[in-house]
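The sequence and structure are shown first.

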Amino acid sequence: MDKRGLTDALKAQARQLGFQLVGAAPAVAMPSYQRLVQWVQRNYCGPLNYFPARLAAYGHPEHLLPGVRSILMLGISYRTVEPAQPGAGQGSVARYAWGVDYHRVIRARLRQLADFHRRILPAASVRGVVDTAPLAEKVFGWLAGLGRIGRNTTLINDQYGSWFFLAALLTSAELEYDVPQQGDPCGRCRACIEACPTGALVEPYMLDARSCLSCLTIEQRGHIPLPLRGKLGWRVFGCDTCQEVCPWNKTAACSAEAAFRPLPGNNPLELKELLALSEAAFANRFQKTVLLRAGRSGLLRNAAIVLGNQAAEDALPVLRLAADDTDPIVAEAAQWAIGVSETADRASANSAQATTGNAELG
């Protein structure tokens, strides 16, 4: 089979498996690798410590598959329904985390695609990866013609915006390559930079993960810095702000993928119920979702901080219980939240007294 026939067959099979975006790129040294090195050297990776640990491996896909010649880049949309507005005692969750863990969904399909590849070309070496291997998926997605990288560092597709997962099928076979899209998708737009709650987009196309709320609520192990806790607002897992304000996402196509629709109780999360979960109950509750990534320590820490930001008086009993949690990270966050809530209550009481006093004087 010639490379055009192989490429067409793989693309058709990928689309049949549910990947809406499919493009082929040569397995070359990572374009913009030096920019990644600079990003790490500035310590912008923050809690994403797997980047410096595997920095050299990002340099070329051959570190993932010796003899690799081509990469079939794949995208699958996860925009399903619109976010539910959280109420008091609830926390918002990033869209991509509402449903079944996308790793499970995509890996199953990658295995099927790899098996198909081996059937039609048995001599080929093939490997599928999604999200966890040292491959610059956004960069190779651009190289494969799937979109252009925007100022918020996401890959933006004209039809699906940035609401899609990326995956890759590496192969030792030569494919017919797609042409990268040229031009800046953002023009003069700075909506993402201006809307970022913490200013984590320190310059166009450059994210400081140390202050990114998505990184802090998911990847940060240990305490969240005090100056950033109020910035969480009602976000308990992830942050979609820079994507929500992106004009490309306003008209992005929706997905009919049932696996990515919100599971019961995931959009939004009930925070007081969350704070009552034991380690075993936490693992059972989130075992099929990416919320497991934050761990009990991280997610309960976030829940306590969000309740503190809400300053809800009815949350104080559960926060006081959490303040005695055996996990010191959870306990400290709950103690902080209690202090914030009690301060807000005193301020409210003082304001009410001042108003009453003024009325009596009048």
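Contact here means heavy atoms within 4.5 Å. The model is predicted, and in it Arg-109 lies in helix α4. Leaving aside residues up to four places away in sequence, Arg-109 touches Leu-17, Gly-18, Phe-19, Ile-76 and Glu-257.

With Glu-257 there is also a polar contact, made between the two side chains at 2.9 Å. Arg-109 has a relative accessible area of 15%, and because buried means under 20%, Arg-109 counts as buried.

## Aromatic pairs

Searching the whole structure gives 11 aromatic pairs. One of them joins Phe-51 and Tyr-58, which are stacked with 5.2 Å from centre to centre and 20° between the planes; both Phe-51 and Tyr-58 are buried.

The pair of Tyr-96 and Phe-165 is edge-to-face, because the planes stand at 80°, with the ring centres 6.5 Å apart. Since Tyr-96 lies in the loop between β3 (90-93) and α4 (102-120), whereas Phe-165 belongs to strand β7 (residues 164-171), this pair ties together parts that are 69 residues apart in sequence. Phe-165 is itself buried, at a relative accessible area of 6%.

## Ring cluster and charges over rings

Tyr-96 and Phe-165 also belong to a cluster linked by ring pairs, together with Tyr-78, Tyr-102, Trp-163, Phe-237 and Phe-260. Over the face of Trp-163, a member of that cluster, lies Arg-95, at 4.4 Å from the ring centre.

Another arginine, Arg-229, has its charged end over the ring of Trp-336, 5.4 Å from the centre of that ring.

Definitions and conventions
Residues are numbered from 1 along each chain as its sequence is written. This is a predicted model: local features need pLDDT of at least 70, side-chain atom pairs count only at pLDDT 80 or more; totals for chains, interfaces and linings use all residues. Side-chain values use heavy atoms; hydrogens and water are left out. Rings of Phe, Tyr and Trp (its six-membered ring) pair if their centres lie within 6.5 Å; planes under 30 degrees apart count as stacked, over 60 as edge-to-face and the rest as tilted. Buried means under 20% relative accessible area, exposed over 50%, partly exposed in between (1.4 Å probe, protein chains only). Helices (H or I, at least four residues) and strands (E, at least two) are DSSP runs, numbered from the N terminus. A charge sits over a ring if NZ of Lys or CZ of Arg is within 6 Å of the ring centre and within 35 degrees of the ring normal. A polar contact is a pair of N or O atoms within 3.5 Å; within protein, one must be able to donate a hydrogen and the other to accept it, and residues adjacent in sequence count only if both atoms are side-chain atoms.
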